[in-house]
Amino acid sequence: MAEIKGILFDKDGTLVDFNATWLGIADFMAMDAAEGDRWKADRLLAAAGFDFLSKRFKPDSIFASGTNMDVVELWFPRLSEDDQMLAVARFNEITSVQGSSMAVALPGIVETLAVLHRRSYRLGVATNDSTSGAEKTLVTLGVAQLFDAAYGYDSVARPKPAPDTILAFSDLTGLKPAEIAMVGDNRHDLEMARAGGCGLAVGVLSGTGTRESLSAIADVVLNSVADLPDFLAARVKETI
C-alpha cells in the first residue's frame, strides 16, 4: 500500500456545493439554449439529468459529470462543428464567470484543505468544467494558494474518465500515480483513478453520487472531503 503524497479533487459536488452553486446556472444555460422557452428549457434540463421531483441532478448524469461539449452535443445534436464550438464557448463563458463567482464551498472544505496542505500533500483539481472556471472557483473560495494545479477538460487531450489528468499531475509533481489519491462524487472520477493507476480512489457523498453508485468502484466512500484527513491519518498508521 503506497503512501499517498498527492490528492486530486473533483470540483463540483466534492469541494463545491453542487446544487447551491449550479442549479441556477443550469437553468440559465437551458433557458439560453431554449431562447426563453420555459417548456423547452425544462425538457433540456431533464435530458441533462435533472430530476424535477427531487430538485437534483441524477448521479453520473450529463450535467453532473459531463463537459460543456457533452451538454452541447446533447442539446444541439444537429449543429455544425463550427456552431458547436461557438455554443461551447458560450457555455464556457457562463460556467467560468457565473459558476466561479457563485461557488459555494461545502461545509468544512476550506479548513480541511488547509489541514491537508499543512501536512504537505500536493493538491490539485480535476474537473470536467473549464480550466478557467476551476481556477476562478479556487480564487472565489480563497484556497487557490493551496493548490499546485487545476485541470479542466480543456487542459488535457482526454477529460475524465480518461487517465490524462492523473498523468499530468504526476508529471507536474514528480509523484507516481500510486502515490496519488483521486476524490470525487461521481463514477467517472473513480474510473479515472482506476485508469490512471491511482493508489486510492475515494468516493464522497456530498454531491450527486450515492453510496450505491460509488461503492462498487471506490476504495472507500466518505461522507465528505472533511472526513479525508482522519481517514488518511488512520491509513498511514495501518502501514506502520
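Q: How many of the five residues of β4 are buried?
A: In this predicted model, four of the five residues of β4 are buried, and the strand is accordingly described as mostly covered. Each of those four has a relative accessible area under 20%, since that is the cut-off for the word buried. β4 spans residues 122-126, and it pairs with β1 in the parallel sense over four bridges, while three bridges join β4 to β5, again running parallel.

Q: What makes β1 and β4 a pair?
A: Two strands count as paired if at least two bridges are found between them, and β1 and β4 have four. Within this pairing, I7 stands opposite L123 in β4.

Q: In what order do the six strands of the open sheet stand?
A: The order is β5-β4-β1-β6-β7-β8, and the pairing is parallel. Neighbouring strands of this sheet are turned against each other by 25 degrees on average, with direction ignored.

Q: Why are β5 and β8 said to stand at the edges of the sheet?
A: β5 (149-151) and β8 each have a single partner strand, so one side of each is left without a neighbour in the sheet. α7, for its part, lies across β4 and β5 and runs at about 140 degrees to β5.

Q: How many of the five residues of β6 are buried?
A: Five of the five residues of β6 are buried, which is the basis for describing β6 as mostly covered. The burial concerns both sides of the strand: I180, M182 and G184 point one way and A181 and V183 the other way, and all of them are buried. β6 is joined to β7 by four bridges, the two strands running parallel, with G203 in β7 as the bridge partner of G184. β6 also pairs with β1 in the parallel sense over four bridges, and there A181 is the bridge partner of I7.

Q: Which residues of the largest nonpolar core touch the most other members?
A: Of its 30 residues, these are I7, F9, L113, L123, F147 and L228. The elements that give two or more residues to this core include β1 (6-9), α6, α7 (131-141), β8 (220-222) and α11 (228-239). A second, separate core has 24 residues, among them M29, L45, V88 and F91. In soluble globular proteins, nonpolar side chains tend to be buried together.

Q: With which residues is I7 in contact, leaving aside its neighbours within four places in sequence?
A: I7 is in contact with L116, Y121, R122, L123, G124, F169, A181, V183, L228 and L232, and each of these contacts requires heavy atoms within 4.5 Å.

Q: Why are the buried residues of α6 said to be on the same side?
A: The buried residues of this helix, which spans residues 109-118, are I109, T112, L113 and L116. They cover an arc of only 100 degrees around the axis, which puts them on the same side of α6. The face turned away from the buried side carries the exposed residues E111 and R118. Just after α6, S120 takes a positive phi of about 75 degrees.

Q: Why is N68 called buried?
A: N68 has a relative accessible area of 7%, and because the word buried applies under 20%, the residue qualifies. N68 lies in helix α4 (residues 68-75). A polar contact of 2.7 Å joins its side chain to that of N92. Not counting residues up to four places away in sequence, N68 touches M29, V88, F91, N92, T95, N128 and Y153.

Q: What makes T173 count as buried?
A: Its relative accessibility is 11%, and the limit is 20%, so T173 counts as buried. T173 lies in helix α8 (residues 164-173), and its side chain reaches the backbone oxygen of F169 at 2.8 Å.

Definitions and conventions. Residues are numbered from 1 along each chain as its sequence is written. This is a predicted model: local features need pLDDT of at least 70, side-chain atom pairs count only at pLDDT 80 or more; totals for chains, interfaces and linings use all residues. Side-chain values use heavy atoms; hydrogens and water are left out. Buried means under 20% relative accessible area, exposed over 50%, partly exposed in between (1.4 Å probe, protein chains only). The arc is that of the directions from the helix axis to the C-beta atoms. A nonpolar core is a set of buried Ala, Val, Leu, Ile, Met, Phe, Trp, Tyr and Cys residues joined through side-chain atoms within 4.5 Å. A polar contact is a pair of N or O atoms within 3.5 Å; within protein, one must be able to donate a hydrogen and the other to accept it, and residues adjacent in sequence count only if both atoms are side-chain atoms. Axes are lines fitted to C-alpha atoms, for helices over the stretch in contact, and angles run from 0 to 180 degrees between N-to-C directions.
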